[in-house]
Amino acid sequence: MSTPTPLAPRTDRDDRTDRDDRTDRGGRRDRDGRTDCGERTGRSPRSPLAALRRTAERIERSTPAHRDRAIDGLRALALLAVPIGHWMLGGFTLDPEGGLHNASPLSAFGALAPASWMLQMLGIFFLVGGYASVLSYHRRPAGTGAWLRGRIARLGRPVLGVTAVWALTAPVLYAAGVPEATLRTGATLVIQPLWFVGVYVVVTALTPYCVRAARRLGGWSAAPLMASVAVVDFLRYGPYAQDVPSWLAVLNVLPGWLFAYQLGVAWGEGRIGRRGARLLLAGGAVLFAALLLVFDYPASMVGVPGADRTNSHPPSLLVLALAAAQSGAAVLLRDRLARLLARPALWAPVVVVNLCAMTILCWHQSAMLAAAVPGSFLGEVAGLTTAPDTPAWLGQRAAWLPVFAVLLTVVARYARRFEEPWTKATAVRRTAAGVLAAGFAAFALGLA
C-alpha cells in the first residue's frame, strides 16, 4: 500500500491561532461584512443572486493559494452526509399521549440499506481528520501537550454548548406541555452524534504514534487495526459466539475508527500514492462484497431498530471495508476535486460548511426536533410525525429536508459562537456548563 485536510474538522494549531486559521479557510472578514456561518455577508446588493456572487468572490479572494481545497471538500461532503442520513433514515411515531418515539424506514424497507452505504461517510471524515491532524501536528508552535489541549478544547466547546442549552431548555419544554417521552426521544437524538467527539479525541491523542507507524510502514500501518477488528468479529459471530461475552464488542471501537484516521496520517505523510489508493479501493470493495454475500453481514451501515446485529455500534469489519474503499477513491479523486473546487461558486459553500463543522454536527438533530416537536401537537403530520412504514413517507420526508436545513441555518447563526474560544467565560460559567452538560447526558442515557 505504501508507494516509496462532524473534527478535528480544522487544521489550526491551538486556541491562540484559532481565529487566524478560520481566516485561512477562506472565511476572513472584510470591510463589507462576514462570511461566517449564518451571518450577514456584505452590504445589501440589488438581488439575492448578486449577493451570493459577491460573497463567493470575496471568499475566493481571501482563500490562500496553498489551501488544499480537495481536503476541505471531502470534509464538507462527509459532514453533510451526517444530517442528511439522520434526517432521511430517522423518523418518528406518535404514542396515544402524543409523545414522539424514534423509528426508522429501514425497519420496513430493507431494500433501502444500500442508501446507507452512500450516507455512511465517517470513514472519509476520519481519513481527512488524520490527514489534517498530521499537518497541524508538524506545524505546532509549542509542545505536543499544548497542541492536543488546543484541539480538545475546540472539540469540547460546541459539545458543552449544545448539551448545556438543552439542559436548560428541556424543563421549559416540559412545563409547556411537551410529553416526557418526546423529551427523552429528543435527548437521545441530540446525544446520538456526539459519541464521535469522544472517539475523535482519543484518536487525535494517538497522532504522534500514528505518525511513527506511518513513517515506518506507510499505508500498511492500518492493516493491524483491520486485523484486530476481524478477530473480534470472528469471536462475536463465529462458531464460538455463544461463549463470547457481549462486552467483547467494545474492543472494536478504537481500532475500528482509528483505521481510517491512520490511513489519513499515512496519506498526509506522503506514504499513500495512486497505487496504494487503487489497492485500497479494490481490496475494500472485494472485502465488502464478500462480507455481505458470503459471511451474511447486515446490509445496513447504520443501526436498525429491532435488528440482532449492527455494523456501526461498535464498527464491524464491514465498516472498515467500506472505509478502505472510500479512502482509496478519495485519494484517486483528489486532484479532480481540487480542480472542480477552483470555481468560486462551488468553493464558497465548502468554506461555509467547514467553518460550521462542529455546529452542524452538534445541532442538526435539534433542527429536526424544532419542526417535529411542534408538529407532534398537530397529530400525524405527513413525513414528519407519521410512521416511516410506507413508500410515500420517503418522498414526504424528503420534502421536509429544506425545512430542516433552514432551521439549522437559523440555529447555527446563534450556536456558532460556541465554536469560538470562551475567552470571556468565567470559571463559574465553565463549571456550570459542565454540570448542565453532565446532567443532560445522564437524562439522555436514561440514568436520570
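This note covers the salt bridges, aromatic pairs and charge-over-ring contacts of the structure above.

1. The model is predicted, with local features requiring pLDDT of at least 70 and side-chain atom pairs counted only at pLDDT 80 or more, while totals for chains, interfaces and linings use all residues. Residues are numbered from 1 along each chain as its sequence is written, and side-chain values use heavy atoms, leaving out hydrogens and water.

2. The count of salt bridges (a side-chain nitrogen of Lys or Arg within 4 Å of a carboxyl oxygen of Asp or Glu) comes to 8. One of these joins aspartate 68 to arginine 334, with 2.4 Å between the closest N and O atoms. Aspartate 68 belongs to the loop between helix 2 (48-62) and helix 3 (69-89) and arginine 334 to helix 13 (residues 317-340), so this pair ties together parts that are 266 residues apart in sequence; helices here are DSSP runs of H or I, at least four residues, numbered from the N terminus.

3. For burial, the cut-offs on relative accessible area are under 20% for buried and over 50% for exposed, with partly exposed in between (1.4 Å probe, protein chains only). Aspartate 68, at 19%, is buried, whereas arginine 334, at 22%, is partly exposed.

4. Within helix 3, arginine 75 and aspartate 72 are 3 residues apart, about one helical turn, and their side chains meet in a salt bridge at 2.7 Å, N to O. Arginine 75 is buried at 2% relative accessibility, and aspartate 72 is buried with a relative accessible area of 2%.

5. In helix 7 (residues 180-191), arginine 184 and glutamate 180 lie 4 residues apart, about one turn, and form a salt bridge whose closest N and O atoms are 3.0 Å apart. Arginine 184 is partly exposed at 27%, as is glutamate 180 at 40%. Elsewhere, salt bridges with shared partners join Arg67, Asp72 and Arg75 into one network.

6. Aromatic pairs (Phe, Tyr or six-membered Trp rings with centres within 6.5 Å; planes under 30 degrees apart are stacked, over 60 edge-to-face, the rest tilted) number 18. Phenylalanine 125 and phenylalanine 196 pair edge-to-face, at 5.1 Å centre to centre and 80° between the planes. Phenylalanine 125 lies in helix 5 (residues 122-138) and phenylalanine 196 in helix 8 (residues 195-205), so the pair ties together parts that are 71 residues apart in sequence.

7. Arginine 69 sits over the face of tryptophan 347, 4.7 Å from the ring centre, the criterion being CZ of Arg or NZ of Lys within 6 Å of the ring centre and within 35 degrees of the ring normal.

Terms used: Helix = DSSP H or I, 4+ residues; strand = E, 2+ residues; numbered from the N terminus.
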